[in-house]
Every structure is written in structure tokens, then in C-alpha cells.
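The entries follow the order of my look-ups.

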Amino acid sequence: MERKIKILGTGKYMPTRRVTAAELEEKLGLAAGWVEKKSGVSVRHFVTNETAAQMGAIAARRALEAAGLSLHDIDCIVCASGTAQQEIPCTAALIQEELQLSKTGIPCFDINATCLSFVTALDVMSCQMAVGIYERVLIISSEISSAGLNWEQKESCVLFGDGAAAVVIGRTPETESSRILGSSMKTYSEGAHYSEIRGGGTLIHPSQFAQGREADFAFDMDGRKIFRLTSQLITGFVDRLLSSASITKEQIRTVVPHQASGMAMRIMAGKLGFSDQQMVNILAEHGNVIAASIPMALHEAIRQNRVQRGDHLMLLGTSAGLSLGGIVLEY
């Protein structure tokens with residue numbers, strides 16, 4: 001379904017602590033060059049004292065400044081993250097508090113589809129805006145992955161970084177053409193346990209953490225199985241997404257993919273037939289920042305003038321579940 005929605009502004013926040021590949025190689029007892037070769041990540045950022053809400057609030061203010069808007073122009077705040085600051089309330093409410101909007105009544109809620117949270121939030125909220133529920137929405141992805149890494153799984157722990165990105169969306173004026181052309185999400189739960197954090201919910205209560213279950217509270221990933229299943233599904237998924245948007249690959253100016261890993265992005269581009277010029281790749285300097293990866297890469301593409309008004313973009317990614325998701329839009 002086409003929706004006349006426009007991206008009005010973007011912003012990001014990176015923690016000041018930079019963690020290099022060499023630092024991780026020393027920490028993990030790995031040979032020089034191993035981390036960058038395996039992950040494609042040279043530098044990632046880890047929080048020191050920042051909270052997810054604080055990072056999200058800074059990114060949100062920067063996105064509003066880019067849009068030429070104030071906080072009081074926003075009528076809904078959505079936190080689209082794979083990690084939460086605490087179990088309740090939702091992180092969006094805590095971001096509202098950080099933004100000093102505590103008495104405004106602006107509705108706040110979270111949308112969590114792990115790494116696809118931003119794409120899902122943009123899809124869901126654009127539908128709500130299209131039917132007139134909201135005028136301008138702030139979508140924020142704020143991730144602290146460093147809190148849940150499994151340092152025994154070297155191939156996964158070297159991938160991730162912390163940070164936040166925010167995007168302001170609004171209804172497109174009648175005289176402009178910005179719009180969402182098509183969207184899709186598919187979930188294949190045969191891959192539900194290929195990446196997971198088992199502890200912290202009702203299955204393994206937090207009270208069991210110190211009872212020999214520590215590993216259940218850390219990120220657990222089987223990258224080979226994820227890659228195998230994704231490879232089987234991604235080409236058909238993208239073909240159907242483009243068909244639903246009535247657009248060809250050649251008409252896509254820029255692909256903004258989830259920054260999963262260096263290998264995953266290279267293979268995705270090759271398998272789908274997109275050139276290096278079409279693919280936005282910020283992995284080396286950011287790492288995999290879970291749901292913030294896609295809005296962060298979108299922000300960088302706009303900041304570097306790789307995206308102009310009227311260009312066709314594709315946001316594309318995978319997430320735990322295993323899910324595939326994408327949106328085709330005219331910027």
C-alpha cells in the first residue's frame with residue numbers, strides 16, 4: 001500500500017568510548033588482524049555511563065534540528081530497539097522523560113522486532129499516519145549491545161557496537177512526491193533459535209542468573225545457520241518486494257541494509273545484484289548496532305549526499321525470528 005509519508009530529518013549519537021579491533025584482539029587473545037578479517041569492523045563504540053534513553057534523546061534532538069522542528073511538533077514517540085533499558089516502562093517513555101516532555105501526554109510505546117525494529121516501526125507508523133492518527137512521529141532506535149555480549153563466542157561478540165539513531169517522519173505535502181511505495185516482512189520460525197537470549201523472560205527468570213544459568217542471559221548466535229536460511233530466502237523476498245512497489249532493481253538508487261557483518265553484506269550485495277555504489281556500508285566504523293544500524297546508515301547516506309529528494313531507496317534487513325523485512329520508498 002502506497003503511503004504519502006516523508007522523512008523529515010535524521011540524527012545519531014555514538015558513545016565517546018571507541019573500541020578498536022586491536023583492543024578486542026588483546027582482550028580475547030586473538031592474532032593481530034583476526035577481528036577485522038572476521039567481522040569487517042575496525043571500530044565500534046561502547047557506552048560508559050550513557051543509558052539507552054539518554055542516547056536516544058540526543059539522537060532525537062539532532063533529528064528534530066535537521067528537520068527544522070521542535071519537540072512540540074511531535075505527536076508520537078516510538079522506540080524501535082532490539083534491547084530495552086528496563087523491563088517496564090517502555091524505553092520510549094524513558095526517552096520522553098529525558099526530553100523533558102513528561103507533562104505533555106505525547107503517546108510513547110516500543111516496537112521490538114530485534115534488528116528489524118526500525119523498519120517495522122516505519123511500516124506500522126506510516127500506516128497509522130496515512131489514516132490520519134498522527135501528523136509527525138519520532139522513531140528512535142537506541143541500542144546497548146555491549147551489555148549482553150557472550151565473550152566466549154568470538155565470532156559474534158566482535159561484531160556489535162552501541163549507539164542510537166532517530167528519524168522524524170511526517171505526512172508529505174500535496175505538492176511533493178515523497179512516499180512509501182511498498183513494504184514486506186516475513187518470519188520463518190524454523191530459525192527462531194538461531195539467534196537468541198533465552199534468559200530474562202518468563203522461561204528463565206532473572207532470579208536464575210546466579211544459579212549457573214549465566215550463559216542463557218548472553219547473546220547466542222549460530223551465524224552459519226542464519227546465513228544458510230537467509231541465503232535461501234532473500235532473493236525471492238526482494239523480488240516480491242520490488243514487484244509490490246512496481247519498481248526495478250535498476251531504479252533503486254541506494255540500498256540501506258542492516259549492517260549485520262562484513263561477509264553478510266558482501267554476499268547480500270552479490271546475491272541480489274546490487275553494486276557497491278548502491279549499498280550503504282558503515283559497518284567498519286560502527287559495527288552492528290542492532291536495530292539502530294539501518295537508521296544510522298540512512299542518516300550517513302543523507303549526510304554524505306548519497307541520497308537526494310526523488311531518489312528511490314530500499315531499507316532491507318534480517319532479524320532474529322528469523323525474519324526478513326524491507327521498505328521501498330521515494331525519499
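I began with strand E2 (residues 17-20), which pairs with strand E3 in the antiparallel sense over four bridges; pairing requires that DSSP find at least two bridges between two strands. Strands (E, at least two residues) and helices (H or I, at least four) are DSSP runs numbered from the N terminus. The model is predicted, with local features needing pLDDT of at least 70 and side-chain atom pairs pLDDT 80 or more, whereas totals for chains, interfaces and linings use all residues. Residues are numbered from 1 along each chain as its sequence is written, and side-chain values use heavy atoms, without hydrogens and water.

I then looked up the partner of Arg-18 and found His-45 in E3. Strand E3 (residues 43-46) is covered on both faces, with Val-43 and His-45 buried on one side and Arg-44 and Phe-46 on the other. Buried means under 20% relative accessible area, with a 1.4 Å probe and protein chains only.

Next I examined helix H7 (residues 223-244). Its 22 residues should span 32 Å at 1.5 Å a residue, and the end C-alpha atoms, 30 Å apart, agree; the expected span is 1.5 Å times one less than the number of residues. I noted a bend of about 35° at Leu-233, the angle between axes fitted to the seven residues ending there and the seven starting there. Leu-233 is also among the buried residues of H7, as are Ile-226 and Phe-237. After H7 comes Ser-246, with a positive phi near 55°.

Last, I listed the contacts (heavy atoms within 4.5 Å) of Leu-315: beyond four places in sequence, they include Phe-118, Leu-122 and Val-256.

How values were computed:
Buried means under 20% relative accessible area, exposed over 50%, partly exposed in between (1.4 Å probe, protein chains only).
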